[in-house]
Amino acid sequence: MRLLLLFFALISPSLWADDTAEAIFAGGCFWCMEPPYDEVDGVKETISGYTGGTVANPSYEQVVAGGTGHTEAVKIVYDPSKVDYQALLEIFWRNIDPLDAGGQFCDRGDSYRAGIFYLNDEQEALARSTKAEVEERFEKPVVTEITEATAFYKAEGYHQNYYQKNPVRYKYYRYRCGRDARLDALWK
């Protein structure tokens, strides 16, 4: 039996290895950051949650009330053999307003700030490089934060895949928030 397991491990290491990587981005409402990634081949899962704060396992109410330091974010679990971090960054930038330091679109306050939360040196370098490119494009300072990732806390169940579970409410919210109109104006 041991020889058989060794044989399979040698011919198919992917059977035993975890072929996923993670990225964490904040772009205002986490409901709006899931759909662009869920459409990408190689993205296995998007998880809405909170990161960047000081309170362990915060609730939605605590985060939006302020004082925890958290921001709404999305964790992307992906297969790096199908999609790389650079491609995820390009999607990120096209789905935020990098010039707005007060939140994103109609969602205001620190819990809705845009940010890239890097998990390693390579992610940090790529994030900083793409930020410089975005600043060059707009010829203005980009206020999107790039910080080392801290604990990520999964948001309550009703927030997960909200856009799929409540498509009419989600589309209405997104429209009323002016997200798409602003993104079109910025990124044409």
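This is a predicted model: local features need pLDDT of at least 70, side-chain atom pairs count only at pLDDT 80 or more; totals for chains, interfaces and linings use all residues.
Residues are numbered from 1 along each chain as its sequence is written, and side-chain values use heavy atoms, with hydrogens and water left out.

Strand E6 covers residues 114–118. Helices (H or I, at least four residues) and strands (E, at least two) are DSSP runs, numbered from the N terminus. Five of the five residues of E6 are buried, so the strand is largely enclosed by the rest of the structure. Buried means under 20% relative accessible area, exposed means over 50%, and partly exposed lies in between (1.4 Å probe, protein chains only). In a regular strand the side chains alternate between the two faces of the sheet. In E6, Ala114, Ile116 and Tyr118 are buried on one side, and Gly115 and Phe117 are buried on the other.

Strand E6 pairs with two strands, E1 and E7; pairing requires that DSSP finds at least two bridges between the strands. Strand E1 (residues 21–27) runs antiparallel to E6 and is joined to it by four bridges. Phenylalanine 25 has isoleucine 116 of E6 as its bridge partner. Strand E7 (residues 145–148) runs parallel to E6, also with four bridges, and glycine 115 stands opposite glutamate 145 in E7.

A search of the whole structure finds six salt bridges, each defined as a side-chain nitrogen of Lys or Arg within 4 Å of a carboxyl oxygen of Asp or Glu. One of them links aspartate 100 to arginine 108, with the closest N and O atoms 2.8 Å apart. Aspartate 100 is buried at 17% relative accessible area, while arginine 108 is partly exposed at 42%. Arginine 174 and aspartate 180 form another, also with a closest N to O distance of 2.8 Å. Here arginine 174 is buried at 12% and aspartate 180 is partly exposed at 35%. Glutamate 124 and arginine 128 meet in a salt bridge at 3.1 Å, N to O; these two residues are about one helical turn apart because they are separated by four residues in helix H5.

Helix H5 (residues 121–138) also supplies three residues, the largest share, of a negative surface patch. The patch is formed by Asp84, Glu90, Glu122, Glu133, Glu136 and Glu139. Patch residues have over 30% relative accessible area and no salt bridge, and like charges are joined within 9 Å. Glutamate 136 lies in H5 and is exposed, with a relative accessible area of 66%.

Conventions. Patches are made of residues with over 30% relative accessible area and no salt bridge: like charges are joined within 9 Å, nonpolar side chains (Val, Leu, Ile, Met, Phe, Trp, Tyr) within 5 Å. Accessible areas come from the Shrake-Rupley method with a 1.4 Å probe; for residues, only the protein chains shown count as cover. Lys and Arg count as positive and Asp and Glu as negative; His and the chain ends are not counted. The place of a charge is taken as NZ of Lys, CZ of Arg, CG of Asp or CD of Glu.
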